[in-house]
Amino acid sequence: MGTQAAISARGVTKSFGRLQVLDNLDLDIPSGVTYCLLGPNGSGKTTFIRAIVRLLRLDGGEMKVLGRPVSEVNEIYSQIGYMTQHKALYPDLTVQENMEFYAGLYGLAKQKRVERIEELLRMVDLLEHRGRLAGALSGGMYQRLSLACTLIHEPELLLLDEPTVGVDPRLRQTFWDYFDRLAGEGKTVLITTHIMDEAEKCQRVGYMRAGRMAAQGSPEEILRLAGLKPVLRLWLAEPEKDAALLRAEGYEIDIDDGVVQVRLESHALIKEILAAVSPLDMRLAEPRLEEAFLRLSEAA
Amino acid sequence: MSLSFGRTGVVALRVIRQLKRDRRTIGLIVFAPIVLMILFGYALSGDMSGVALGLVDGGGHAALRAHLESIKDFNILYLGSESDAEKLISEGRLDGAVLLSPGLVQVLLDASSLQISGAIAGAVQVGTSREQASLVAASPREGTEKEIPIITRYIFGYDLEMMDTVGPAILGLVVFFFTFINAAIAFIRERSQGTLEKFMVSPLSRVEMISGYVLGFSLFTLLQSATTLFVVTFGFGVPLRGSALTALAVVLLLGAGALVLGSFFSNFARSEFQVVQFIPLIITPQIVLCGIWWPLQSVPEFIRPFSYILPLTYAAHALRAVMLKGAGIGDILYPDLLALGIFFLIFFAAATLMLRREVG
């Protein structure tokens, strides 16, 4: 994780007419991380991303992008990769030609261009389809090509609006591995998504609500902030008796339809619990970010 | 950010690749002008009766001669030599001539009227096949072996017909129309595909983007103007006294103006369908007021200033000067090329400014 913030926003506001879309928003995204911006529809995620690349002018507040005031962000467009929900591809060009076009736009030298196109098409599993027209690709393939085009110039800051929609789970994992690798190389990856599972793969998560940050931190911090703990579900021969026993040892216990549920302060306690009782079956339920955000937004 | 020819070239190459793959548009660019020209040509080439046909009879084709003489629409003038025939055709006093000599039939046609030329050529064809049939009847073996060769040659008349005066202007109109529509649609697509937004967040500047389009489209404008110029001159005998390159330069400048105008107006359309709605608004006034069909002097005085801000007025004037009077670049610099250049620059700036990065 780098020292300088890739993006820092202070008291950022934006309204469209009477609708306040960004409301005094504060946000810091350190460089060299994968950061997931979550939030319900209309919470201001896309507006915020568009403000970062200055497709929108802010009404107030301060924002810095890669250390530069947002008003100068056009000077560093070559360091930014921006993928919108429109895929920004030419359906009447082939996969290869789309890649070549974007490579040319960012002035990649010929040798570099060949290498990058090869590498990225392999990553998004489109190498065999390089001669096909983009318009003839399936939705998921189209999405993958769009991502590959966004990555072509090795940007320092990646802004990806819902990049994994329509991508199958195996490839999605490949994407996440790739994003982690980029973060490892010091690049910053900002992703918006509404899929909570995806957010859990990010190093840092921010939850937006009504134009403000409702919560931000690592997924573990968010869970802790919301007071959520892992739950061990135990199927026992004598649930009432064993529940009383565990309660006496200081555990937080619930009984739901004959299943004993123990809230764990830490995973290490599982061993001690199993020493005290002998379950017929058991299951560990990790807390979900979704639940954490619901709880946090209710509290807000 | 400094201007980069490399990035401009990348956009141009992409535009060419896209258009190249769009067969229907290519077809439209190449064949629509031909169809249009033929329609205009037929409509404007006058009526058919009283075709003045010269006949130089060197003997040997009695049946063909009899057939030609039997056609009521032909007024036949008997001539002594080929050079007489050529002279009279080029003076516009004959529509064509047939030269008969043993074993050969030559047809000289005035290329300025396709319809009349077609009628003469058709009559010769019919007469020749009759002659062939009678030969076969007389001596079956010899007759089938010997085809009667027909050599057709075009002579360009000097009398200006309606088509001659309209032809050069139509060349401009065709290019203006298709470039405007194609450019407006291309920019609408850049918006709806999200590529425009992506450009906004890239090192590509607005000037580079529009310049790339101008470059890429110019190739197709050239292709289109060359086809149209070919049809106008060879198909309809509109004279090309000046240089074809000068004519193409005028058309290229007009095409570039049409492109930036299309880009500018694409900001006011939300779909391809709405682009079509620009036709009566942008194209029709130019057709009516540019002086193609009737002289500018006959346009009512209060509307005439409007004629003088339309690019097609200058393009039509310049193309007529080049094609009919043999004007060179120097002769049309002022006011035509200057006006076309100013029009291009104004709308280049307007189109660039409309591609605004920031909104809200």
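Good morning. Please keep in mind from the outset that what you see is a predicted model.

Let us begin with chain A. Its secondary structure consists of ten helices and 14 strands. The C-alpha trace of chain A spans about 75 × 50 × 35 Å along its principal axes. The domain assignment divides chain A into domain 1, residues 5-217, and domain 2, residues 230-287.

How much of chain A is buried? Of its 300 residues, 42% count as buried. As for contacts in chain A between residues at least 6 apart in sequence, 71% join residues at least 24 apart.

One element of chain A deserves a careful look, namely helix 1, residues 45-52. Seven of its eight residues are buried, so helix 1 of chain A is largely enclosed by the rest of the structure. Which residues are the buried ones in helix 1 of chain A? They are Lys45(A), Thr47(A), Phe48(A), Ile49(A), Arg50(A), Ala51(A) and Ile52(A). After helix 1 of chain A comes Arg54(A), with a positive phi near 65°.

Most residues other than glycine have a negative phi. In chain A, Asn24(A) also has a positive phi, near 55°, and so does Asp257(A), near 55°. Where are these residues? Asn24(A) belongs to strand 2, residues 19-30, of chain A, whereas Asp257(A) sits in the loop between strand 12 (252-256) and strand 13 (259-263) of chain A. Their surroundings can be described by counting neighbours. Asn24(A) has 15 C-beta neighbours inside 10 Å and therefore counts as partly exposed. Asp257(A) has 5 C-beta neighbours inside 10 Å and therefore counts as exposed.

I turn now to chain B. Its secondary structure comprises 15 helices and five strands. Chain B has 360 residues, and buried residues make up 44% of them. Of the contacts in chain B with a separation of 6 or more, 78% are between residues 24 or more positions apart.

The domain assignment of chain B gives a domain 1 made of residues 5-43 + 161-354, and a domain 2 made of residues 51-155. Between the C-alpha centres of domain 1 and domain 2 of chain B there are 42 Å.

Next, the packing of helices. Two packed helices are described by the angle between their axes and the distance between the axes. Let us apply that to helix 9, residues 206-235, and helix 10, residues 244-266, of chain B. Their axes come within 8 Å and cross at roughly 135°. Because of that angle, helix 9 of chain B is oblique to helix 10 of chain B. The crossing of helix 9 and helix 10 of chain B is right-handed. Among the residues that meet are Phe217(B) and Leu222(B) in helix 9 of chain B, and Val251(B) and Leu259(B) in helix 10 of chain B. What kinds of residue make up this contact between helix 9 and helix 10 of chain B? There are 15 nonpolar, five polar and no charged residues.

Helix 9 of chain B also packs with helix 1, residues 5-21, of chain B. Here the axes come within 7 Å and cross at roughly 40°. That angle is why helix 1 of chain B is oblique to helix 9 of chain B. The crossing of helix 1 and helix 9 of chain B is right-handed. Helix 1 of chain B contributes residues including Arg7(B), Val11(B) and Leu19(B), and helix 9 of chain B contributes residues including Glu208(B), Gly212(B) and Phe220(B). The contact of helix 1 with helix 9 of chain B divides into eleven nonpolar, four polar and two charged residues.

One further detail of chain B concerns a peptide bond. Most peptide bonds are trans. The bond from Tyr334(B) to Pro335(B), however, is cis, with omega near 0°. Pro335(B) lies in helix 15, residues 329-354, of chain B.

Finally, the two chains together. In this model, 24 residues of chain A are in contact with 22 residues of chain B. On the side of chain A that touches chain B, the elements giving two or more residues are strand 6 (80-83) and helix 2 (95-105) of chain A. Helix 2 of chain A supplies the largest share of that side, four residues. The residues on that side of chain A comprise 14 nonpolar, five polar and five charged.

Thank you for your attention.

Terms used:
Residues are numbered from 1 along each chain as its sequence is written. Chains are lettered from A and ligands numbered from 1 in the order in which they are written. This is a predicted model: local features need pLDDT of at least 70, side-chain atom pairs count only at pLDDT 80 or more; totals for chains, interfaces and linings use all residues. Two residues are in contact if their C-beta atoms, placed from the backbone, lie within 7 Å. Ala, Val, Leu, Ile, Met, Phe, Trp, Tyr, Cys and Pro count as nonpolar, Asp, Glu, Lys and Arg as charged, and the others, Gly among them, as polar. Domain bounds come from an automatic or database domain assignment. Axes are lines fitted to C-alpha atoms, for helices over the stretch in contact, and angles run from 0 to 180 degrees between N-to-C directions. Angles under 35 degrees count as roughly parallel, over 145 as roughly antiparallel, 65 to 115 as roughly perpendicular and the rest as oblique. A crossing is left-handed if the near helix is turned anticlockwise from the far one by less than a right angle, and right-handed if clockwise. A residue is buried if 20 or more other C-beta atoms lie within 10 Å of its own, exposed if 12 or fewer, and partly exposed in between; C-beta atoms are placed from the backbone.
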